[in-house]
Number of protein chains: 2
Amino acid sequence: MRGTVYRVGAGPGDPDLLTLRAAKLLRQADIVFHDALVHEETLALATRARIVAVGKRCGRLSTAQRFINKQLVEAARHHAVVVRLKGGDPMLFGRAQEEIAALHQAGVTIEIVPGISAALSASADIGQSLTQRGLSRSVLFVTPRFGTGENRHEWARPASTADTVALYMASRQAAEISDGLIAAGVAPSRPAVFVENASLASRRMIATRVGDLAEAARQLGGGPALLLVGDVYQEVVAAAEIPTRDQSIQITA
Amino acid sequence: MRGTVYRVGAGPGDPDLLTLRAAKLLRQADIVFHDALVHEETLALATRARIVAVGKRCGRLSTAQRFINKQLVEAARHHAVVVRLKGGDPMLFGRAQEEIAALHQAGVTIEIVPGISAALSASADIGQSLTQRGLSRSVLFVTPRFGTGENRHEWARPASTADTVALYMASRQAAEISDGLIAAGVAPSRPAVFVENASLASRRMIATRVGDLAEAARQLGGGPALLLVGDVYQEVVAAAEIPTRDQSIQITA
């Protein structure tokens, strides 16, 4: 094997939230395989590289994971610097282990470069810390996945005991998420905030409550959305609820 | 008020894991207030700035939060670009809300710039994703804090239902942490990995199990340490347990 595969986090969207290390690797890259949500300014840093889109987005055409693995191994045979660019952080909700295992098995050297995950960026956008003295000392990062029958809301179980919850890929099936959280013991009145397009100029925040997620989600566009839930959002939600208590109101950055 | 206070994440330690945005702000900064664990190469980017250390570390001298707030407000009165540089991410375990509230109250404009949190960096170091298909779809970030009597292990409650747990500030009181996790229902045999000095050349990883944390922690130096717990570390721990099953063995990066 000639090359190294760098599995690099591209961060939440804003090209300025890339790490220095990631920027250096992109400048050196011979070939870059990137996700659907990576900013074009970020890709533009890879001036020497061939750029290959392999992104997945719910419900759209995507490249099968096995084919991506094969392409990465093949690229490492011919190139010194192969960059696999993932939205957010590459070790959180990114099917990292499947790619890493395939590369290890083929004898390819891997280096992983962390990235800013959407929940951190969304917290900066809102100006509300995920943790807060006296209110929250634990944060759960979770993706909902709906099983069947009794196990339908298995994913929501840890969400009832964590102080703050960040739900990734949460804009679809908001009614199901609401049901799941309530079934797990979360109060319908618990404050919640959707953050769409975190870190970008197009970002949008919808302050709501756990019982009203379906209604709130209807105000979102088609961008990637994160849902934050917890008592730390009490003030954010209260500020958005003037004048009517039961209406989800959009707040600006 | 003349200036803006930028509350900026410095990342886990490696100066290359700073964001482009943070590097730009440091270059423009008139004054920088920084935590104890920020790398000197990172501070060196602030060529125009006065550098003020206000860091806290367990058991050492530190600047009281109220005095830091006062200094930040005062700095915003006299300078255009005031950078408050925090280790890791500024909105996770960093007492952000107290500073933000004090600045808001004084009429100071704030901007928050996210940073790479230690758990993301430690995962890159280990080469093990926090989430994994079929094994883990939820990750809890928590700091232990020991109450008294029945509530002694209140902090550990959400740790029993999350698939993967990242415990920050976990190198001290490892025996207490072990007791707390087990009392909350976590199996003593559950795989665990201490990562000290994540992202730095001096980083160290100790693979162990929840029942053996106290023993494993004795092998750590004095650097900041994170504890990762979950079935996703099964292979990491198994690899370190050759030849004796019950001994915590240090593994190299």
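Modeller: What follows is a close look at one strand, its neighbours and the aromatic rings beside it.

This is a predicted model, in which local features need pLDDT of at least 70 and side-chain atom pairs count only at pLDDT 80 or more, while totals for chains, interfaces and linings use all residues. Residues are numbered from 1 along each chain as its sequence is written, chains are lettered from A and ligands numbered from 1 in the order in which they are written, and side-chain values use heavy atoms, with hydrogens and water left out.

Start with strand β7 of chain A, residues 164-167. Helices (H or I, at least four residues) and strands (E, at least two) are DSSP runs, numbered from the N terminus. Thr164(A) and Ala166(A) point one way from β7(A), and Val165(A) and Leu167(A) point the other way. All four of these residues are buried, where buried means under 20% relative accessible area, exposed over 50% and partly exposed in between, with a 1.4 Å probe and protein chains only.

Next come the neighbours of the strand. Two strands pair if DSSP finds at least two bridges between them. Strand β6 of chain A (residues 138-142) runs parallel to β7(A), and four bridges join them. Here Phe141(A) stands opposite Ala166(A). Strand β10 of chain A (residues 225-230) also pairs with β7(A) over four bridges, but in the antiparallel sense. In that pairing Thr164(A) stands opposite Gly230(A).

Now the rings. Rings of Phe, Tyr and Trp (its six-membered ring) pair if their centres lie within 6.5 Å; planes under 30 degrees apart count as stacked, over 60 as edge-to-face and the rest as tilted. By this rule there are five aromatic pairs over all chains. In one of them, Phe141(A) and Tyr168(A) are stacked, at 6.0 Å centre to centre with 25° between the planes. Phe141(A) belongs to strand β6 and Tyr168(A) to the loop between β7 and α6 (174-183) of chain A, so the pair links distant parts of the chain, 27 residues apart. Both Phe141(A) and Tyr168(A) are buried.

In chain B, Phe93(B) and Tyr168(B) form a tilted pair, at 4.9 Å centre to centre with 50° between the planes. Phe93(B) lies in the loop between β4 (81-86) and α4 (96-105), and Tyr168(B) in the loop between β7 (164-167) and α6 (174-183), so the pair ties together parts that are 75 residues apart in sequence. Phe93(B) and Tyr168(B) are both buried.

Finally, ring pairs link Phe93(A), Phe141(A), Tyr168(A), Phe93(B), Phe141(B) and Tyr168(B) into a cluster.
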